[in-house]
Amino acid sequence: MKEIIVTTQADLDALPASFAEYTRIIIKSTVISISVVARENSSVEARDNSSVVARDNSSVVAWENS
């Protein structure tokens with residue numbers, strides 16, 4: 001499994017729209033807001049004070065104050 005660590009919105013925006021292999025994207029940021037778009041059968045896990053909007057067949061796991 002490939003892992004990509006994202007720390008800025010620019011890092012996230014630079015990711016491709018799809019991947020050839022299963023890829024885990026980890027967002028580690030102290031920025032107030034990073035916008036994530038999860039498409040198709042994506043799965044999102046939110047922790048701390050995160051907020052998530054899920055559409056289509058996406059799923060979300062929310063922790064703490066998320």
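This note sets out numbered points on the fold, surface and selected residues of the structure above.

1. Basis of the note. The structure is a predicted model, in which local features need pLDDT of at least 70 and side-chain atom pairs count only at pLDDT 80 or more, while totals for chains, interfaces and linings use all residues. Residues are numbered from 1 along each chain as its sequence is written, and side-chain values use heavy atoms, with hydrogens and water left out.

2. Overall fold. Helices (H or I, at least four residues) and strands (E, at least two) are DSSP runs, numbered from the N terminus.

3. Burial and surface. The protein chain has 66 residues, of which 14% count as buried. Buried means under 20% relative accessible area, exposed means over 50%, and partly exposed lies in between (1.4 Å probe, protein chains only). The accessible surface of the chain is about 5,500 Å², and carbon and sulfur atoms hold 46% of that area. Such areas come from the Shrake-Rupley method with a 1.4 Å probe; for residues, only the protein chains shown count as cover.

4. Contacts along the chain. Among contacts with a separation of 6 or more, 9% join residues 24 or more positions apart. A contact means heavy atoms within 4.5 Å.

5. The salt bridge. A search of the whole structure finds one salt bridge, a term for a side-chain nitrogen of Lys or Arg within 4 Å of a carboxyl oxygen of Asp or Glu. The partners are glutamate 3 and arginine 24, whose closest N and O atoms are 3.6 Å apart. Because glutamate 3 lies in strand S1 (residues 2-6) and arginine 24 in strand S2, the pair ties together parts that are 21 residues apart in sequence. Both count as partly exposed: glutamate 3 at 43% relative accessibility, and arginine 24 with a relative accessible area of 42%. Side chains of opposite charge can pair when their charged atoms come close.

6. Strand S2. Threonine 23 also belongs to strand S2 and is buried, with a relative accessible area of 15%. The side chain of threonine 23 reaches the backbone oxygen of glutamate 21 at 3.0 Å. Not counting residues up to four places away in sequence, threonine 23 touches Lys2 and Ile4. Isoleucine 25, found in strand S2 (residues 23-27), is partly exposed at 33% relative accessible area. Phe19, Ile25 and Ile27 make a nonpolar surface patch of about 220 Å². Patches consist of residues with over 30% relative accessible area and no salt bridge, with like charges joined within 9 Å and nonpolar side chains (Val, Leu, Ile, Met, Phe, Trp, Tyr) within 5 Å.

7. Strand S3. Glutamate 45 is placed in strand S3 (residues 43-46) and is partly exposed at 47% relative accessibility. The C-alpha atoms of glutamate 45 and alanine 62 are 6.0 Å apart, although 17 residues separate the two along the chain. Leaving aside neighbours within four places in sequence, glutamate 45 is in contact with Val61 and Trp63.

8. After strand S4. Asparagine 65 lies in the segment that follows strand S4 (59-62). Asparagine 65 counts as exposed, at 61% relative accessibility. Leaving aside neighbours within four places in sequence, asparagine 65 is in contact with Asp48, Asn49 and Ser50. The C-alpha atoms of asparagine 65 and alanine 46, 19 residues apart along the chain, are separated by 9.2 Å.

Definitions and conventions. A polar contact is a pair of N or O atoms within 3.5 Å; within protein, one must be able to donate a hydrogen and the other to accept it, and residues adjacent in sequence count only if both atoms are side-chain atoms.
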